[in-house]
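Please look through the sequence and the model shown here before reading on.

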Amino acid sequence: MEKMSRVTTALGSSAISGRTMFCHLDAPANAISVCRDATQVVVAGRNIFKIYGLEEEQFVEKLNLRVGRKPSLNFSCADVMWHQMEENLLATAATNGAVVTWNLGKPSRNKQDQLFTEHKRTVNKVCFHPTEVYMLLSGSQDGYMKCFDLRKKESVSTFSGQSESVRDVQFSMKDYFTFAASFENGNVQLWDIRRPDRYERMFTAHTGPVFCCDWHPDDRGWLATGGRDKMVKVWDMTTNRAKEIYCVQTIASVARVKWRPERKWHLATCSMMVDHNIYVWDIRRPFIPFATFEEHKDVTTGIVWRHQHDPYFLLSGSKDSTLYQHMFKDASRPVDRANPEGLCFGLFGDLAFAAKESLISGDANRKPYPGGDRRYPIFFFKKPDLTEQFAHVSSALSVFESSLESKRMDWFVKTARLYLLSGKSFAELCDHNAKVAKELNRPQVSTTWTMLRIMFSDPANLSTPGPNHIGKLGTLPLMNSFSMKEMGMGTESRLDRSKGESRQDNIHLELGNSLINNICPTAENEETEGSEGQAEYMFGDAELDDDDLYSMEHDNQAAEEQEYTLPQEAFPLRHEIMDNPLAPEHLQQDKADSPQASGNEAEVMCLTPIESFSLISISQPLFSPHLPAPFFCPVVREMLSHYAEQGDVQMAVSVLIVLGDRIRKEIDDLTQEHWYMSYIDLLQRFELWNVSNEVIKLSTCSAITCLNQTSTTLHVNCSNCKRPMSNRGWICDRCHQCASVCAVCHHVVKGLFVWCQGCSHGGHLEHVKNWLKSSSHCPAGCGHLCEYT
Amino acid sequence: MFVARSIAADHKDLIHDVSYDFHGRRMATCSSDQSVKVWDKSDNGEWNCTASWKTHSGSVWRVTWAHPEFGQVLASCSFDRTAAVWEEIVGESNDKQRGLSHWIKRTTLVDSRTSVTDVKFAPKHMGLMLTTCSADGVMRVYEAPDVMNLSQWSLQQEISSKLSCSCISWSPSSSRAHAPMIAVGSDDSNTAYSGKVHIYEYIENTRKYAKAENLMTVTDPVHDIAFAPNLGRSFHVLAIATKDVRIFKLIPLRKESAAGSSGPTKLQVQILAQFDNHNSQVWRVSWNISSTLLASSGDDGCVRLWKANYMDNWKCTAILRGDGSPVTGSSSQAAVPSTAGGPQHVLLQASSAGRKKAQLIPG
């Protein structure tokens, strides 16, 4: 760490080295200044006035200029400046209006040299001429600037800004005679030191006080100003009218601004309120600081670059009574933490992506294109200078739209629209939904519906099967064996899957497997005793077995995984089952012929495809022909949970609604409510309001059904007396007439009632629509011009 | 297959965030240039900028939409240490004719003393709430007690961690079995502080959020974090963008006593997937609505799509590259042989098939 931050810079004769370091001061600092050879720094404040030596590892206190038992107010400094030509000469601006110069060469303890008490109020700023030894300039709260010749006892000239308090004065680097002054009313003035009668130029730089200004060190005639309006502006003063060429928006009022040495575009700022950090900006990228120094715990009051030709050392003093030397290497770079990319998935599967252009093109450069992109040659270099990388950054925004229907969630919308959830018999609903799923190329979902129909259809209602069905059944080669068939996977995933991947069985097969195994003996034993009692027994048994099943899964999983990888040839068989939803019922018939055999004979029972990409069908010794619906409940519950865990809440909710009471008690209310809420939220996202409403209506969760009963308020006027209806019914409590009479047919409206908000008359939707086709007047004859929109 | 539609965003600096609204028809972008832009999708699928305004006096890190039930409302957060809530005002006929809408600031949340790095609205069923997190490691929960009044927000809770926070995500689950949950990621670069993702859960008894879990295995800076849409699941899925893409499964363990809700639910944490295919810093992760696809973007300038098979094996299904910008340089021309006719292009690589496909979209 220390090694990292130690920097030695060779600057002609002198060399600067050091590290990030700080020292505690006795009191808050107001201003700091360095001597020309960058070896010492003076700190001045209301209760402090000291000189520190800058050593490699630490600050060393060299001299306390604040002497005497009871220091006068002259020691209370608002500003301090160390002369850049004469190393023994300092000037301070006192809060009582005095301008004091100090001569470090004096032998006595008190180094005070000259005292000018001409200003009436606090002096905000003192400034030595950059090349002239004896010329000192001051700017005060009283609105005047004074120029002193240090060889004389009084000021040589007084400049009246005539625009409120002076906050800063700075001699120009370019013109020997020119200085700039900034004012509290937002103005900046340029003066010729020889002409105290009037300014050469004045312009309004900021709204609100201009707290500081700084000339560019490389004499370009650029002046940076900072104001309470949180902005730093850079002005080109070489033209006739001062022209704003750059503007940096900071997050707090700007108290100090200092150009960074040897860096044309950089400047450092600090704030006088709220913000304690020091920022270094690249004015070409005015939105985000190039570097930040975050060490101070209170307002930073003074910043100064340690050496006028060294850009890596910054000194700062603060109200938190510390003096810091900051190394540029240790600065934090906000832009490094700034996210260069934005990414968001849209509802329809489109993907918005914004990225720094250099990232995209940088990537392109890595590809060996024949005519490689030469626009960004900088990326060929290993580590370009950070300062060069900073400017001119922008992002490219694009939206990737998926052209595959499955990715666009069309299947969801279509499924939601086309599914029937009520209004027909259970079997019809299942068939319809199976068909819908099949048409949308979701065979697994389709099969699930078909199986649900098989499981829960009332055997009594089934038609007697023809002999051909039995024949078909006989062709099933899967009897007495488990088999798992690969179903075509849902389109939404099939394309993305690598084809060669071997499909493996999963725990749910074992579940089915062991479920059957566990139940079968029971079924066989009970077989002879008649089916009524058996139903109860089996249901309970299956429930109890649940826990065992889970443990078995884990034991068997590894061993069985390999065995159930099935060949594609099993595919056609699926259709046999799907096209013969009646198969089990035929089996009943079959069994009726040979009842004794039923217990042992292999017959078909379909289990639900619990796993999303595989269909398990199992041939097993069949149980009773009148297999009761509750027998399947645990399986269906598993299946629903599985769909939900896979994220297909649509399936879970649709099945839940269609099955209704058959399954409801199997699933705890909290889970049901969760599924409903999730599904309704999805439907509303896709603006499927009607479907959403239907689901809410059909749900049996009290928390869901009440969704429809909140937040809709109707304000109705009585159509007779035109006063607001106050009670809940449709009888007006003032005129005791029914308010919902159709104005066209004069009957009480039941169902859709439409009324005019202007005259309160209305009626059957159809009647009013028809009426208003031929007439624009109210059908009640009140003369109101009603409008149906 | 994806086709890229390039949008001239005209932001003056980096775009830091893109966000779709609830119905997927509007989009908001925010940038370091201190502005937010709102884009509306026209009937022919083009995105038009309908509003652009200066939101902050510093870089705007994130922008996010509230549920439309609360109106057309955006929240933004910025380097300038504030977060702001904006509402669209309709009915200004002048602007409407020019296809522009007007957004006004409803509130400024000024509690943070450092850069506010993320802001997120809570799921709708919790009411109008939002959280912010800031670079000094403070997460704040705000609530608007009156959903009709967007200018009044009360600070519900402040949670300080020592690590600077970079991103935040609400668990979208609306189940009453799941307590409200917030995940916060930290981009602190010191890997010695392990556990860059903290998960907080609402404790009914104290009415406060308390730390439920700390993902100790995540030690590198985290830049983005996203809960997958819940869709009726009993568990949570969390994607994390750090030096790689990680997907975690958080399974709430049932409590022994239902009444003892004094502490947070124990979570069983499983890592589902971890990918370093970006070979660089991953900046963003985003889930599709059915939570079957995860998109991630990294310093390599690519978007990768991840998908799980039925075995919960996650695989990369596509790599999307291309800024969709007008083709001026030669490199893009090399990628798409005849770009003269169309200014927009896309490059898609299907990883499974291992082939590249280029498609030309007429501009």
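Helices (H or I, at least four residues) and strands (E, at least two) are, throughout this text, DSSP runs numbered from the N terminus. This is a predicted model, in which local features need pLDDT of at least 70, side-chain atom pairs count only at pLDDT 80 or more, and totals for chains, interfaces and linings use all residues; side-chain values use heavy atoms, with hydrogens and water left out. Residues are numbered from 1 along each chain as its sequence is written, while chains are lettered from A and ligands numbered from 1 in the order in which they are written. The pLDDT is the predictor's confidence in each residue, from 0 to 100, and for the model as a whole the scores are ipTM 0.85 and pTM 0.75.

Residues 116-158 of chain A are 0% helix and 53% strand, with end C-alpha atoms 13 Å apart. Residues 203-245 of chain A are likewise 0% helix and 53% strand, and the C-alpha atoms at the ends of this span lie 14 Å apart.

Also in chain A is Asp79(A), which has its place in strand E8, residues 77-82. Asp79(A) is buried, with a relative accessible area of 3%, where buried means under 20% relative accessible area, exposed over 50%, and partly exposed in between (1.4 Å probe, protein chains only). Leaving aside residues up to four places away in sequence, Asp79(A) touches Ala31(A), Ala91(A), Thr92(A), Ala93(A), Asn124(A), Lys125(A) and Val126(A), a contact being heavy atoms within 4.5 Å. By C-alpha positions, Asp79(A) and Ala352(A) are 53 Å apart in space and 273 residues apart in sequence.

Chain B has 363 residues, of which 62% are buried, and its secondary structure comes to 2 helices and 27 strands. Among the contacts in chain B with a separation of 6 or more, 45% are between residues 24 or more positions apart. The average pLDDT of chain B is 82, and 83% of the residues score at least 70. Over residues 324-363 of chain B, however, the pLDDT is below 50, although this stretch has 82 contacts in the model beyond near neighbours in sequence.

Within chain B, Ser78(B) lies in strand E7, residues 73-78, and is buried, with a relative accessible area of 0%. A polar atom of the side chain of Ser78(B) lies 3.4 Å from the backbone oxygen of Gly58(B), and the backbone nitrogen of Asp80(B) lies 2.9 Å from a polar atom of that side chain. Not counting residues up to four places away in sequence, the residues that Ser78(B) touches include His56(B), Trp61(B) and Val116(B).

Strand E3 of chain B holds Arg26(B), which is buried, with a relative accessible area of 9%. The side chains of Arg26(B) and Asp40(B) are joined by a polar contact of 2.8 Å, that is, a pair of N or O atoms within 3.5 Å; within protein, one must be able to donate a hydrogen and the other to accept it, and residues adjacent in sequence count only if both atoms are side-chain atoms.

Two loop residues of chain B call for a look at the backbone. Most residues other than glycine have a negative phi. Gln34(B), in the loop between strand E3 (26-31) and strand E4 (35-41), has a positive phi near 75°, and Gln34(B) is buried, with a relative accessible area of 2%. Ser291(B), in the loop between strand E22 (282-287) and strand E23 (293-298), has a positive phi near 55°, and Ser291(B) is buried, with a relative accessible area of 7%.
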